[in-house]
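Visitor: I'm new to reading protein models. Can you walk me through this one?
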Amino acid sequence: MRRRASAAPAELANTPEPETSRERGGVQSIERGFSILLQIAQHREGISLADLAKKVELHTSTTFHLVRTLVETGAARQDREPKRYH
C-alpha cells in the first residue's frame, strides 16, 4: 500500500491513498458500468445523462459511451422523450 508524501503532520502523512482499480485487480470500465447501473436503479423515475454523469463523477461524454453500451446490451433502457435512463 502506498503512503502519501506530505509536509503535513505525521498522522496525515501515514494515511494510505485510496486504491486504484488496478491495485484492487478490477477493470475500470466494469466498475464504472456498475456505478452507472446502481445510479439508474436508485432513480425509479429515470435519470438524465447530465445528472447521471454528476452522480458517477465522470465526464458527460464518458458516461454517454458507457450508458449507450448498457442500453445496446439490454442492461438499461432510454426513453425517447424525455431522454432519461431506466
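Visitor: How many helices and strands does the protein have?
Guide: Five helices and zero strands. This is a predicted model, so local features need pLDDT of at least 70 and side-chain atom pairs count only at pLDDT 80 or more, while totals for chains, interfaces and linings use all residues. Residues are numbered from 1 along each chain as its sequence is written, and side-chain values use heavy atoms, with hydrogens and water left out.

Visitor: What share of the residues is buried?
Guide: Buried residues make up 23% of the 86 residues. Buried means under 20% relative accessible area, exposed means over 50%, and partly exposed is in between (1.4 Å probe, protein chains only).

Visitor: Which residues make up the largest nonpolar core?
Guide: Eleven residues: I36, I40, I47, L52, V56, L58, L66, V67, L70, A76 and Y85. A nonpolar core is a set of buried Ala, Val, Leu, Ile, Met, Phe, Trp, Tyr and Cys residues joined through side-chain atoms within 4.5 Å.

Visitor: Which elements give two or more residues to this core?
Guide: α3 (28–42), α4 (49–56) and α5 (60–72). α5 gives the most, with three residues. In soluble globular proteins, nonpolar side chains tend to be buried together.

Visitor: Pick L58. What does L58 touch?
Guide: L58 touches R32, A53, T63 and L66, leaving out residues up to four places away in sequence. Contact means heavy atoms within 4.5 Å.

Visitor: New topic. How many salt bridges are there?
Guide: Two. A salt bridge is a side-chain nitrogen of Lys or Arg within 4 Å of a carboxyl oxygen of Asp or Glu. One joins R68 and E72, at 3.9 Å from N to O. The other joins R77 and D79, with the closest N and O atoms 3.1 Å apart.

Visitor: How are R68 and E72 placed in helix α5?
Guide: They are four residues apart in α5, so about one helical turn separates them. R68 is partly exposed, at 36% relative accessible area. E72 is exposed, at 60%.

Visitor: And D79, what is its relative accessibility?
Guide: 23%, so D79 counts as partly exposed.

Visitor: What about H43? Buried or exposed?
Guide: Buried, at 16% relative accessibility. H43 lies in the loop between α3 and α4. A polar atom of the H43 side chain lies 2.7 Å from the backbone oxygen of Q39.

Visitor: Now the backbone. What is the phi of E57?
Guide: E57 has a positive phi of about 55 degrees, although E57 is not a glycine. E57 sits in the loop between α4 and α5. At 72% relative accessibility, E57 counts as exposed.

Visitor: Which residues does a cis peptide bond join?
Guide: E81 and P82, with omega about -15 degrees. P82 is in the segment after α5. For background, most residues other than glycine have a negative phi, and most peptide bonds are trans.

Definitions and conventions
A polar contact is a pair of N or O atoms within 3.5 Å; within protein, one must be able to donate a hydrogen and the other to accept it, and residues adjacent in sequence count only if both atoms are side-chain atoms.
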